[in-house]
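Below is a brief report on one model. It covers a pocket, a helix pair and the confidence of the prediction.

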Amino acid sequence: METKNKMDIPLQNEVIRNQISQTIHEFSVLQLHLFKNENSDYSEVFILLEECKDAETLRKRPWIGKAAEKHKVRIYISDYRKAQYQLKHGNPFYQYYADPSEIFWKGENVDQLLETYSAKKDFKKKLNIFKGKFYHDHDILLTEAKKFRASHMYASAFQNYLTLFEHNIEYLENLFTGWISFGKNIHLRLKHLIRYIPELQKVFVMKDEHSFYLIGKIEESLKAAAECDESFISSESFDVVKAAEEQLYKMVAERFSELGKMITFKKTKYSVNAFEDTAVLLDAELEKVVAAIVERLAPEEIFMFHKKENYPQNGTEKLTYYYVLVVGEGLGDSALYDTQQSIRDKLRGKVNVIILGHRRFSIQDRLFQSQEFMHKIMTEENRVYASHQYHPLIHWEYLSSDEQGDLCIYYDRMIKTVKRYFILREKADEENDELFLLLFSHALMRILRVYLYCSLYNYFPNFNKMEDTWNLCLYADPSLEKIEFLFEKISTEFFRLTNSFLKYTDRSHRFENNELAVMDEILSILVGKLEKLITVNNLQN
């Protein structure tokens, strides 16, 4: 029976040590190499096996992926013949990771180690051929894609860009893992690569757990073209497709440069700059707001895009408003409202936060509706929190249309609700006064939401609370603050009152003095300002 050399694996993580020990006893392992750099959280282990089928089997083991994702250990796997072939053709991955000086274990029956190039001149000659093939094939594919686009042959251009993506991914796989996953779809290949290249998360927006938005758009376009429906293909997508391809291309070029610097034949250590969060919080109250949002909502990113301070009527303490966009999952209206209330309680009513909450994919998928507003918010200057540094940027599409979407539909619904309110005011008897508040609340909310739609580039917030909607309107148009005194004439708890009539309620309200006339005035003023806004912005059509 074959025995294996006993060894002390120089890794802190016990789970991975045990898995590697089990691998040595289960497979014919030839060499183990270990790389650890003080400036990186990750350790790297290169496992060289004798048989190709063993390498394929080991690669599929769940612990390999978990090692990178949970335990900060990247495992690279190859078999002897593949490694030898790749070295012969100048792949710098193997020249670095198969270096004999980094071996910490070898099989008992291994007499001769995998041989890397000992002279820089010999290796550089092979490396230049290896790199030259990548750049040559890339240039041919890119030239063809540009020709097809210039000729308005969009389906063919998209197909070439998809091939370019696959070409770049093939080299990223080879340069970062030493293995090419032929046969797998591009979504799976990208997801697998993220374990080794976290920066990829910044290039592509995830549509769901298994697919990427931009790749899916290309595939949908090609499918539509195959079904003779090229009307589905939009040339507006080419800019973001081109930008994504350029980022992949840049990653390949940078990896060539990186490996070239690491392979000095005097062995320098692999170096990665530690991530420094560029979000610097100097505002103590904002820090508390961000901490509360992170604790309750576990967001991906937070952007603070507006701050204002004022003194409420008859109040002596300053009230600070923070306007934030929270990007993440599970951001329902109730979760956002509970978070707002929690922040108010913790900060003793001195802070009010208006939270816009959206999934990243929802922002991406609704660019036709609110791109300009989101583009303005989601900047590095506004970012005050990121769960990690590899969140993808939105694939901004530079739309050619200035149309205001479904404004005519929303405006029509709004104006009908306002007219019904005034009809009721003219003809109904005073015993039906509860209907006044019901229609007033709904008319007011519709006016405010259409006001936002017109002033914030087709944006509709998810929340349905009157006070939040009003505060967002004040961000869009601070001059609206001049009519706030009218709210006080109706009730000192105006927003709580109107909120209750936006949904089913058993609450009743008895009007006193001239409150109904004030309600009439509020609606009339806001409709007038809205119509002026539509005229000024030339949105009549």
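## Second largest pocket

Helix 17 contributes most to the lining of the second largest pocket, with 5 residues. Helices here are DSSP runs of H or I, at least four residues; strands are E runs of at least two; both are numbered from the N terminus. At least two lining residues each come from strand 7 (301-310), strand 8 (319-327), helix 12 (333-346), strand 9 (351-358), helix 17 (466-476), helix 18 (484-490) and helix 19 (494-500).

The pocket holds about 1,100 Å³ of space. Tyr321, Glu467, Glu488, Thr492 and Phe495 are the closest to its centre among 33 lining residues. The lining splits into 12 nonpolar, 11 polar and 10 charged residues.

A pocket is an open set of points on a 1 Å grid over the protein atoms alone, where a 1.4 Å probe fits, with protein on both sides within 12 Å along at least five of seven lines; lining residues have an atom within 4 Å of a point. Volume is the space filled by probe spheres on points joined across faces, edges and corners.

## Model and confidence

This is a predicted model: local features need pLDDT of at least 70, side-chain atom pairs count only at pLDDT 80 or more, and totals for chains, interfaces and linings use all residues. Residues are numbered from 1 along each chain as its sequence is written, and side-chain values use heavy atoms, without hydrogens and water.

Mean pLDDT (the predictor's confidence in each residue, from 0 to 100) is 85 for the protein chain, and 88% of its residues reach 70 or more. Residues 1-6 fall below 50. Residues 267-280 stay under 50. Where pLDDT is low, the predicted coordinates should not be read in detail.

Methods: Contact means heavy atoms within 4.5 Å. Ala, Val, Leu, Ile, Met, Phe, Trp, Tyr, Cys and Pro count as nonpolar, Asp, Glu, Lys and Arg as charged, and the others, Gly among them, as polar.
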